[in-house]
Amino acid sequence: EKIKTTINTAKSSPQHLGQPTTTKQYTELATTIAAKWNLTTPNAIDLLVQQFEKANDYDPEKDFFHFHHLYKSGGTSISNFMDKTVGLRKVGKYWEGILPGSYESGNFDHDEALADINKRLEEGTNREDLPYKASYAHTGLRPVYGPHKTKTAMFFQEQMPNKRLRAITMLREPTDFRASNHAMIMCGLNAEIKKFNQQRAKKGLDQVCSQKDGLNVSALVDVKTQTLIDKCQSGAKVNGQQKKQCQDHANGVDIFEHCRSPSHLLAHHQYDKHYRSMFKGLMGRYHRGQEFGGTAYVGMSFGYERAEESKGYSVVNVEEYTLQDLGGLDLTISGAGEGGPPEPDFIWFGITERMKESTILFYYYFKAKPLKKIPQHRIQDCHPTESVGWTAKHREIVKQKEPADYAVWRAANAILDVRMAKMKMEIQAQLDAGVSKEAMYYVDWDTLEAL
């Protein structure tokens with residue numbers, strides 16, 4: 001049985017994987033992939049070849065990995081996915097392999113985790129025999145060392161000193177990442193659009209999801225504004241932010257101006273306050289010249305320093321660093337500085353727009369039996385990119401504003417291309433050696449062959 005693949009560019013041709021085994025052949029594939037993703041760092045091809053040659057050394061007996069869930073990146077689905085793969089059997093309210101205190105859409109609860117750890121220790125479980133294999137939350141793990149080490153890092157080191165800490169994460173196309181955050185978290189537009197379409201349905205009207213079909217987001221923002229003003233004037237309880245918004249409105253301020261359209265957002269100070277350099281939380285920094293930290297001591301936030309204004313920044317340096325760090329190639333990176341103890345390395349990451357490939361690699365890396373169906377959460381009937389009116393022009397503006405995030409994005413996709421090709425080579429070699437498909441229970445054959 002031959003698994004065929006193509007590197008997804010017009011120049012490539014089908015190849016029977018299992019054949020490229022020499023550095024020269026890896027170099028040919030790496031060259032194609034680097035060109036496909038427009039990588040500009042001079043050593044991109046060499047680093048991609050190293051990615052081909054990198055061994056998967058995950059050890060379920062000694063490793064513990066944490067999933068840092070960036071908002072609106074598909075992380076809720078991945079958290080549930082972890083429950084049903086790495087989590088193994090469910091005992092009461094918890095999955096045995098997942099450390100309690102993990103929340104699919106919340107911060108890590110250290111007290112809840114400690115209570116379960118202490119309960120098991122009191123029941124006679126040795127600390128080195130605790131069953132936890134992973135955790136997940138909006139809370140970040142890195143940096144584990146140095147002056148900005150996270151609360152979660154200190155907790156894991158104290159409670160599981162025998163474990164090798166490792167990391168996984170998800171990332172999303174930078175404009176779609178911002179569009180989704182804008183529509184759900186910053187402005188609550190998804191809820192307004194859903195309510196609007198529910199009202200249409202009661203009148204027997206079809207759902208509308210775009211301006212060309214009659215959806216007027218600015219009008220919905222007017223309704224949202226008036227609802228808040230009515231609440232303030234009624235004497236109902238409002239929080240400090242809402243009180244200030246009502247005061248600003250009374251002074252003539254359009255309090256939700258940034259919610260009216262992508263153009264309004266991109267020209268507004270709220271963009272600079274919240275949506276600059278949103279991938280800072282991914283690795284903890286963009287390049288070697290930037291200091292670790294400021295990403296997630298307890299929970300996750302945005303509003304980081306602009307990567308483009310950091311000392312030592314260049315697109316080339318961001319690409320190189322992403323290939324080395326997110327790619328798990330450099331195990332000397334430390335929040336304590338040069339020569340310090342190494343940070344948890346990334347043993348897996350996924351890309352929202354490439355969820356099928358991402359989950360195939362997850363099964364393969366962690367030797368997990370494929371699920372019949374991938375959990376899906378918070379999938380909107382109306383995609384925010386379309387419903388709020390994001391256009392190709394807006395995407396170009398984000399690319400101009402956020403070259404560092406797009407450098408990370410391109411490099412991450414290149415790594416994923418290599419890992420998919422490498423996995424298929426290894427599977428083909430196993431088949432050629434006479435290993436049955438049934439013996440490779442961790443391969444999602446149906447999805448793999450459909451790609």
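Tutor: Two strands pair if DSSP finds at least two bridges between them. Keep in mind that this is a predicted model.

Student: What makes the four strands a sheet, and in which order do they run?

Tutor: The order is 6-3-7-8, the sheet is open, and the pairing is parallel. Take strand 3 (residues 63-68). With strand 7 (residues 164-171) it has six bridges, in the parallel sense. With strand 6 (residues 134-137) it has four bridges, also parallel. The cut-off is at least two bridges, so both count as pairs.

Student: Which residues stand opposite each other in these pairs?

Tutor: Phe65 faces Arg166 in strand 7. His68 has Thr169 of strand 7 as its bridge partner. Phe67 is bridged to Tyr136 in strand 6.

Student: Why is strand 3 called largely enclosed?

Tutor: Buried means under 20% relative accessible area. Six of the six residues of strand 3 are buried, so the rest of the structure largely encloses the strand. Asp63, Phe65 and Phe67 point one way, while Phe64, His66 and His68 point the other way. Both sets are buried.

Student: What makes a group of residues a nonpolar core?

Tutor: The members are buried residues of the nonpolar kinds listed for a core, joined through side-chain atoms within 4.5 Å. The largest such core here has 101 residues. Phe65, Met82 and Leu171 touch the most other members. Helix 17 (residues 403-432) gives the most to this core, with 17 residues. A second, separate core has 15 residues, including Leu141 and Phe156.

Student: Which residues does Met82 contact, leaving aside neighbours within four places in sequence?

Tutor: Among them are Phe65, Phe67, Ile98, Tyr136, Ile168 and Phe362. Contact means heavy atoms within 4.5 Å.

Student: Why are helix 8 and helix 9 called roughly perpendicular?

Tutor: Helix 8 (residues 217-234) and helix 9 (residues 240-250) have axes that cross at roughly 105°. The class covers 65 to 115 degrees, so the two helices are roughly perpendicular to each other. Their axes come within 10 Å. Helix 8 brings Thr225, Leu228, Ile229, Lys231 and Cys232 to the contact, and helix 9 brings Gln242, Gln245, Cys246 and His249. By class, that gives four nonpolar, four polar and one charged residues.

Student: Where do helix 6 and helix 17 meet?

Tutor: Pro174, Thr175 and Arg178 in helix 6 meet Asp405, Tyr406 and Trp409 in helix 17. Three of the contact residues are nonpolar, one is polar and two are charged. The axes of helix 6 (residues 174-186) and helix 17 come within 9 Å and cross at roughly 115°.

Student: Which residues of helix 2 are buried, and what do they pack against?

Tutor: In helix 2 (residues 44-53), the buried residues are Ala44, Leu47, Leu48, Val49, Gln51 and Phe52. They pack against helix 1 (23-36), helix 13 (315-325) and helix 17.

Terms used:
Residues numbered from 1 in each chain as written. Predicted model: local features only at pLDDT ≥ 70, side-chain atom pairs only at ≥ 80, totals over all residues. Heavy atoms only, no water. Axes fitted to C-alpha atoms, helices over the stretch in contact; angles between N-to-C directions. Parallel < 35°, antiparallel > 145°, perpendicular 65-115°, else oblique. Nonpolar A, V, L, I, M, F, W, Y, C, P; charged D, E, K, R; others polar. Buried < 20%, exposed > 50% of the residue type's maximum accessible area, 1.4 Å probe, protein only.
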